[in-house]
Amino acid sequence: MSGPIRISPEALAFEAQTVQRKLSAGLSTLRQLGDTQYGATAKHPVWSDGKVTLYRYQGERAATAKVPILICYALVNRPYMVDLQHDRSLVKGLLARGEDVYILDWGYPDLSDRYWTLEDYILGFLDAAVEHLRASHGIDAINLLGVCQGGAFSLCYAALNGEKIRNLITMVTPVDFHTPDNMLSHWTRGIDVDLFVDALGNVPADLMNNCYLTLKPFRLLQQKYVGLIDILDDVTELENFLRMERWIFDSPDQAGEAFREFIKWFYQANGFVNGGVEIGGREVRLANVAMPVLNIFAEQDHLVPPSASRALRGLVGSDDYTELSFRGGHIGIYVSGRAQREVPETVHGWLRAR
Amino acid sequence: MTQTQDGLHWLGELSDNWSQAMTAWQSLAKAVPGVEDAMGRMAEPAQAFTQFMAALGPGLSDGGYSAAEIAKRWRDALASGVGNVFAGQFPHGIGQVDVRQFATPLLDVFRQQITATLDAPAFGPGREQQERWQALAKAQIANQQAQSHYQALLGKVMEQAFARFEAKLSEHEAPGRQLGSLRAIYDLWIDAAEEAYAQIALSTEFGAAYGEMVNAQMRLRVANQNELERLCRELGMPTRSEVTAAHRKVHALERSMRALRTELTAKAASGLAPTPSAAAAARTVAARKAPAKAARRSKAAAPKRKAKVVAKASSPRSKKATAKVPTAGVGKSASRRRTGA
């Protein structure tokens, strides 16, 4: 029996020299890079309330869609992931197909915002943004696209205000929080969230990021940076890497009360499945989500396992339910080459058919 | 020297020279802000692995090491402290697991004695203070215990990771399946480690330990905060509780204001009440860009501006109207906002 490794001296030499060359090149390449910019598409604010701002994206051509899309992003990261750079932009893809795209930016809550609740976010800010679009477009209902936690918000909103939503799109959205492969949920269930929020006020972004990194510590804290050596001599790839790195760690703190409610109601009580979630005095029942629903999830998602998203099919009241199972991860669904080809086209095609 | 000899020579000397080379390299990199961190990020895991590969030496090319031997050498390399993924994340590295195993019984006895002391009743004028301090000390001990339990589980992760690594290497012992690059071996290690981690991290024991670690930290934080608050109050300084109470009131006022605004808008739409002023309505971006100027305008032209908003709702030209709104200076501080737009 031979050993498991067989590397020829030539291959070894080549690999060693390559690493050496890349490391040396890295010094020069990194010096060429300035501050990493992000955001591919021009946008302007059309409404705001405190730290929350509604932006409208400006495409290179006029929108042909009569009903605008409002993107409702998660609270835990910044929304520019959907428009990271010119060749990695869901927004750009939608605009190019004639969609009229808006995005709600939650801003960076500080301690004076610690009492913001899910009601404030969903029936306050989100509803106000929807109302603004209904009024400014002169229509009864808009298209709502919720991302991750923003997808959960969108489901709540659509369940409570179905008449204002014409079509609902959820992307990498957790619905069943208690699937056995959901590591985040598994950890969260043992936490005394009342104690946690009372002690911290707002939940610090660094703490949240640390939690996410430890979901896959060997890949995210080591392998990723060893892999970085491969692109040290490529300015463009390095810029892409740094842009992503910036997005990952550019995270808002979480308003304490909203965090408390989200963890209790969804991560711990699994409220979409088990019921019992009440916002603004009304119960959130996914059976009330009667508008057409497009549910897009990622097959290799370690933050929101596909099983957590797929559960939506059996819970919504809509008889017009469509799924897109995307081959990629939680982030790849926005920035991968495949995503640029598949996701905007799917969303646009699905909307046009309705 | 041929290319092959050059590469082998470089790899052979890597173990001894790596630290020096990386130090020099990082020194160069310090000239560019932010680069040093990037270098550090790459250097640490790369250093661990190249040390490991250099330690395998000439056995690489003739297939002379078994899976067990390779896994053992990798364990030795990691035990030296380099490349520990949990370093910096948690207080203890894997190299300290064995030490803790020896020390744990002694520490447990010590903790029991201390805890018994902390349960002693307090008397006299200082009894309230003593009880609080006893509670604080207990919270510290409980936090240490919770951390230790959590660290012990991370130690298990590493043990199982080595076992999985060896098993995965064994799968490559058959001719034709052997690994042909350093990176392939490294990636195999990462796969093994992540699998081991996932198995333990999804266990009931880990979930409970994680929850208790977080809860113990928070109890300690609250106890510390309480003591600090008490001290601040005695010194006449404002406290977190006071600021929090003010924030709660501000939030309640904001909610009331929004509810009233919504009610007024609804009544105005149905003709039952006067139009809410522009200052009370959800503020337009233009008004926020130049508050002073906008305030002057709103006094003079509030009815007109509202009429414009109403008109926008039904006018096909409304898109153009909103597109003219200026883009800069809205909301947050410039230092945190880079739209790139």
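Student: How far apart are the end C-alpha atoms of helix α7 (residues 127–170) of chain B?

Tutor: The model is predicted; local features need pLDDT of at least 70, side-chain atom pairs count only at pLDDT 80 or more, and totals for chains, interfaces and linings use all residues. Residues are numbered from 1 along each chain as its sequence is written, while chains are lettered from A and ligands numbered from 1 in the order in which they are written. Helices (H or I, at least four residues) and strands (E, at least two) are DSSP runs numbered from the N terminus, and the expected span of a helix is 1.5 Å times one less than its number of residues. The 44 residues of α7(B) should therefore span 64 Å, and this agrees with the distance between its end C-alpha atoms, 65 Å.

Student: Which elements are among those covering the buried residues of α7(B)?

Tutor: The buried residues of α7(B) include B:Tyr150, B:Leu154, B:Phe165 and B:Leu169. Contact requires C-beta atoms, placed from the backbone, within 7 Å. In chain B, the covering elements include α5 (67–79), α8 (182–201) and α9 (204–234).

Student: At what angle do the axes of α5(B) and α7(B) cross?

Tutor: Among the residues that meet are B:Trp74 in α5(B) and B:Phe165 in α7(B). Axes are lines fitted to C-alpha atoms, for helices over the stretch in contact, with angles from 0 to 180 degrees between N-to-C directions. The axes of α5(B) and α7(B) come within 8 Å and cross at roughly 145 degrees.

Student: Which strands stand at the edges of the open sheet of chain A?

Tutor: The order of its eight strands is β1-β2-β6-β3-β7-β8-β11-β12, with mixed pairing; strands pair if DSSP finds at least two bridges between them. An edge strand has a single partner, so one side of it is left without a neighbour in the sheet; the two edge strands are β1 (43–49) and β12 (321–326).

Student: Which residue of β12(A) is the bridge partner of A:Ile296?

Tutor: Strand β11 (residues 293–298) of chain A runs parallel to β12(A), and six bridges join the two. In one of these strands, β12(A), the partner of A:Ile296 is A:Leu324.

Student: What angle does the direction of helix α4 (residues 149–160) of chain A make with that of β7(A)?

Tutor: Helix α4(A) packs on the sheet, touching β3, β7 and β8 (165–171) of chain A. Its direction makes with that of β7(A) an angle of about 140 degrees.

Conventions: A residue is buried if 20 or more other C-beta atoms lie within 10 Å of its own, exposed if 12 or fewer, and partly exposed in between; C-beta atoms are placed from the backbone. Two residues are in contact if their C-beta atoms, placed from the backbone, lie within 7 Å.
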